Amino acid sequence: MENKEWIDIGDVAKKLQLRAESVLKDWFPNGKKLGNEFLVGSLNGESGQSLRINLDSGMWMDFATTTDKGGDLVSLYAAKEKITNPAAAKFLASEYGIRVK
């Protein structure tokens, strides 16, 4: 049996949300802030406006595909890196010094 360490994805997402703009600038250097949204061309990170991330809620969607969407920054990172949400949460907690329950 595998030993899978449990992580509270929602807790990581909440704590990332507190610094959403700086985190998104790390992930998408070509992105820009417009009002309460962060705009990027796509999950690949090119400049543009198709991928929109709400800076208040973390909800995001790529309007070019409409299938790439999610409810928080953990799911965004998971989609960007093509990994699972738990793997993304574990990485992000470590990368950003987030203490989890």
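A polar contact is a pair of N or O atoms within 3.5 Å; within protein, one must be able to donate a hydrogen and the other to accept it, and residues adjacent in sequence count only if both atoms are side-chain atoms. The model is predicted: local features need pLDDT of at least 70, side-chain atom pairs count only at pLDDT 80 or more, and totals for chains, interfaces and linings use all residues. Residues are numbered from 1 along each chain as its sequence is written, and side-chain values use heavy atoms, with hydrogens and water left out.

View 1. Helices (H or I, at least four residues) and strands (E, at least two) are DSSP runs, numbered from the N terminus. At the start of helix 3, a side-chain oxygen of D72 comes to within 3.0 Å of the backbone nitrogen of V74. K82 follows the helix, and its phi is positive, near 60°.

View 2. Buried means under 20% relative accessible area, exposed over 50%, and partly exposed in between (1.4 Å probe, protein chains only). Contact means heavy atoms within 4.5 Å.

**View 3. L76 in helix 3.** L76 is buried, with a relative accessible area of 0%. Beyond its neighbours within four places in sequence, L76 is in contact with L24, W27, F28, L43, L51, I53 and W60. L43 and L76 are 33 residues apart in sequence, yet their C-alpha atoms are 8.3 Å apart in space.

**View 4. Helix 1 and its cover.** D11, V12, A13, L16 and Q17 are buried in helix 1. Helix 2, strand 3, helix 3 and helix 4 are among the elements that cover them. At the start of helix 1, a side-chain oxygen of D8 reaches to within 3.2 Å of the backbone nitrogen of G10.

**View 5. The aromatic cluster of W27, Y77 and F91.** Rings of Phe, Tyr and Trp (its six-membered ring) pair if their centres lie within 6.5 Å; planes under 30 degrees apart count as stacked, over 60 as edge-to-face and the rest as tilted. A search of the whole structure finds two aromatic pairs. The rings of W27 and Y77 have centres 5.0 Å apart and planes at 50°, so this pair is tilted. W27 lies in helix 2 and Y77 in helix 3, so the pair ties together parts 50 residues apart in sequence. Both W27 and Y77 are buried. The rings of Y77 and F91 have centres 5.5 Å apart and planes at 10°, so this pair is stacked. It links Y77 in helix 3 to F91 in helix 4, 14 residues apart. Y77 has 11% relative accessibility; F91 is partly exposed at 37%.

**View 6. K80 over the ring of F28.** A charge sits over a ring if NZ of Lys or CZ of Arg is within 6 Å of the ring centre and within 35 degrees of the ring normal. The charged end of K80 is 5.8 Å from the centre of the F28 ring.

View 7. Two strands pair if DSSP finds at least two bridges between them. Strand 4 and strand 5 pair over two bridges. W60 stands opposite G70 in strand 5.
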